Amino acid sequence: MLIDWTVPDYVYLVCGKTDLRKGIDGLAMVIAENYGLELYNNSLFLFCGSRNDRFKGLFWDGEGFILLYKRFENGRLKWPRYSQEAKQLSSRQVKWLLAGLNPLPVKQIKPAKPGSFY
């Protein structure tokens, strides 16, 4: 593998759907214009389109950008679609994502309303 997922200081998952036809410049513009995150500080940005069996990564290696593309032949990612934000992931969450688990679990139990017990 070209990049060890533990090397970048920051790994950001861009929630929602991204047009994966975009290249380096287009994805860098998405980050700069929508999220205001620093592109050049040893960060890896992960993007997913409408299909959950592939994603792209954008990484600055100190000399230039590396554009990564990964397609799973027999599996799917659990990509968070419920918001339009960039979430920082821990190395554990990156492993969950690549194992097909949701790295940002959605809370299933909601607080009860007062007086709704009777």
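Which residues does L13 touch, not counting residues up to four places away in sequence? In this predicted model, where contact means heavy atoms within 4.5 Å, L13 touches L46, W79, P80, E85, A86, K87, L89, L97, P103 and L104.

Local features need pLDDT of at least 70 and side-chain atom pairs count only at pLDDT 80 or more, while totals for chains, interfaces and linings use all residues. Residues are numbered from 1 along each chain as its sequence is written, and side-chain values use heavy atoms, with hydrogens and water left out.

A nonpolar core is a set of buried Ala, Val, Leu, Ile, Met, Phe, Trp, Tyr and Cys residues joined through side-chain atoms within 4.5 Å, buried meaning under 20% relative accessible area with a 1.4 Å probe and protein chains only. In the largest such core, which has 17 residues, L13, L46 and W79 touch the most other members. Two or more residues come from each of the elements below, which are DSSP runs numbered from the N terminus (helices H or I, at least four residues; strands E, at least two).

| Element | Residues |
|---|---|
| β1 | 10-14 |
| β3 | 54-60 |
| β4 | 65-71 |
| α2 | 91-98 |

β2 also belongs to this group and gives the most to the core, with three residues. Apart from it lies another core of 11 residues, among them I31, L39, F45 and L58.

The five strands of an open sheet follow the order β4-β3-β2-β1-β5 with mixed pairing, two strands being paired if DSSP finds at least two bridges between them. Because β4 and β5 (86-89) stand at the edges with a single partner strand each, one side of each is left without a neighbour in the sheet. β3 and β4 run antiparallel and are joined by seven bridges.

How values were computed: Buried means under 20% relative accessible area, exposed over 50%, partly exposed in between (1.4 Å probe, protein chains only).
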